[in-house]
Amino acid sequence: MNAAAALLDAIQSMPVGYREGEVAACNGLVIEAYGPDARMGEVCELHSRDHGAPVLTQVIGFREGRVLLMPYGDTAGVAVGDRVRACGIELSVPVGPALLGRTIDAFGRPLDGGPPIQAEAQWPVRREPIEPLRRRDDNDVLETGVRVVDTLLTLGKGQRVGVFAGSGVGKSTLLGMLARHVRADVAVIGLIGERGREVGDFIAHALGPDGMRRAVVIAATSDQPALVRAHATHVAHAVAEYFRDQGNDVLLMVDSVTRFAMAQREIGLAAGEPPTSRGYPPSVFNALPRLTERGGAITGAGSISSIYSVLVEGDDMNEPVADHMRALLDGHIVLTREQANRGQWPAVDPLQSVSRWVGRLMTREERELATEVQRLFATYEASRDLIDMGAWQRGANATLDRAVEQVPALQALFRQAPGDSHDRDDGYTRLSALLASGEAA
């Protein structure tokens with residue numbers, strides 16, 4: 001009886017007809033069609049006479065009675081009159097424990113040459129952000145294994161942080177260190193808009209076999225359509241949400257959110273949105289908070305600690321995406337070219353970086369140590385020109401004297417090779433001993 005009822009339900013849910021339309025025009029990235037009767041965001045199939053398999057597209061807007069579609073794949077050979085069929089679905093991603101240790105594309109298909117993913121469930125790619133009162137307010141420290149972060153910029157479980165850097169200053173290396181050494185159950189890494197070679201390099205060198213065992217990598221390279229790159233970012237969040245809902249503490253890393261914003265810019269401009277700041281349409285600045293608010297800790301479940309890399313164009317920290325992300329996140333780690341040129345790796349600038357949770361995560365003694373280090377760095381940087389010219393004279397300023405003596409030792413303490421992991425308590429012990437030796441002198 002139950003089998004018969006299930007079969008009847010399946011028959012009743014089957015469509016009695018198809019919603020179809022036909023291609024009217026193709027302008028750049030957008031395909032315009034007469035019909036089908038589809039909704040915003042709905043997935044459609046484009047059946048081209050020159051393609052063996054249908055190409056997935058998504059409805060991104062409407063214009064003068066036409067449906068605007070953007071493809072997920074190659075549209076070479078598309079012709080006027082080709083059929084467009086509405087699927088009546090939104091895309092989902094296969095999830096389950098079998099994802100651990102795997103590299104997949106934006107649609108959950110393996111990229112690592114392994115077998116198909118044995119899915120436990122299909123998870124919706126786009127979900128609503130966490131309701132404010134469902135967020136868990138706790139003070140659990142997230143140990144990253146990176147000494148300069150753990151001691152000066154302590155992070156917490158469920159915190160959302162940005163890594164702001166120009167090109168070539170060690171952003172991917174730092175992200176690999178965080179993914180490899182962090183004290184979390186699962187790491188979900190979205191490589192968005194990267195060059196194909198960099199995906200393999202990140203997995204083999206920055207992440208390494210140890211980090212890969214508990215990681216899931218979602219990759220959408222720079223040669224893929226804008227819709228795929230944007231979709232892969234949402235897939236990374238969906239996979240992280242699945243593991244969080246199983247009670248895990250998840251580290252979610254997106255490299256980079258700037259390339260996600262660029263993909264959204266392509267989509268928005270193609271749909272006819274007006275460009276605003278540096279060509280970004282308003283939908284980009286609406287999409288970013290909806291993305292970042294999906295992270296956090298939930299009462300009765302696990303947590304998602306989100307780290308978003310922000311590629312700062314021309315080393316301009318006030319460019320639109322960087323400026324907007326700073327306002328959305330719970331802290332920012334800034335890597336500078338000056339630090340990298342001095343051989344300071346990771347090239348974190350402690351004077352420009354901040355964690356907004358240190359007040360509730362650090363003890364009073366830890367805050368005092370971190371504040372003293374910041375004071376010494378600030379004093380040293382303010383007088384760097386005098387020091388470099390040899391114009392500094394001992395005895396004129398006691399604080400500057402101490403900074404000159406101790407900053408090189410502090411820089412050496414915070415210098416760390418990618419494969420090295422450090423304990424947070426040990427970092428504070430060594431920091432306390434170093435500052436105490438300077439006071440005695």
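**View 1. The surroundings of E32 in the predicted model.** Setting aside residues within four places of E32 in sequence, this glutamate is in contact with V23, A24, A25, N27, R63, R66, V67 and L68. To find your bearings, look for strand β2, which spans residues 30-34 and holds E32. Is E32 buried or exposed? Its relative accessibility is 7%, so E32 counts as buried, the cut-off being under 20%.

**View 2. Side-chain polar contacts of E32 with R63 and R66.** The side chains of E32 and R63 are joined by a polar contact of 3.2 Å. With the side chain of R66, the E32 side chain makes a polar contact of 3.0 Å.

**View 3. Helices α11 and α13 where they cross.** Here we move to helix α11, residues 364-382, and helix α13, residues 398-414. Two packed helices are described by the angle and the distance between their axes. For this pair, the axes come within 8 Å and cross at roughly 110 degrees. The two helices are therefore roughly perpendicular to each other, and their crossing is left-handed.

**View 4. The residues that meet between α11 and α13.** Which residues of α11 take part? They are E372, V373, R375, L376, F377, T379 and Y380. On the α13 side, they meet T399, L400, R402, A403, V404, Q406, V407, L410, Q411 and F414. Sorted by class, this contact has 10 nonpolar, four polar and three charged residues.

Key
Residues are numbered from 1 along each chain as its sequence is written. This is a predicted model: local features need pLDDT of at least 70, side-chain atom pairs count only at pLDDT 80 or more; totals for chains, interfaces and linings use all residues. Side-chain values use heavy atoms; hydrogens and water are left out. Axes are lines fitted to C-alpha atoms, for helices over the stretch in contact, and angles run from 0 to 180 degrees between N-to-C directions. Helices (H or I, at least four residues) and strands (E, at least two) are DSSP runs, numbered from the N terminus. Angles under 35 degrees count as roughly parallel, over 145 as roughly antiparallel, 65 to 115 as roughly perpendicular and the rest as oblique. A crossing is left-handed if the near helix is turned anticlockwise from the far one by less than a right angle, and right-handed if clockwise. Contact means heavy atoms within 4.5 Å. Ala, Val, Leu, Ile, Met, Phe, Trp, Tyr, Cys and Pro count as nonpolar, Asp, Glu, Lys and Arg as charged, and the others, Gly among them, as polar. Buried means under 20% relative accessible area, exposed over 50%, partly exposed in between (1.4 Å probe, protein chains only). A polar contact is a pair of N or O atoms within 3.5 Å; within protein, one must be able to donate a hydrogen and the other to accept it, and residues adjacent in sequence count only if both atoms are side-chain atoms.
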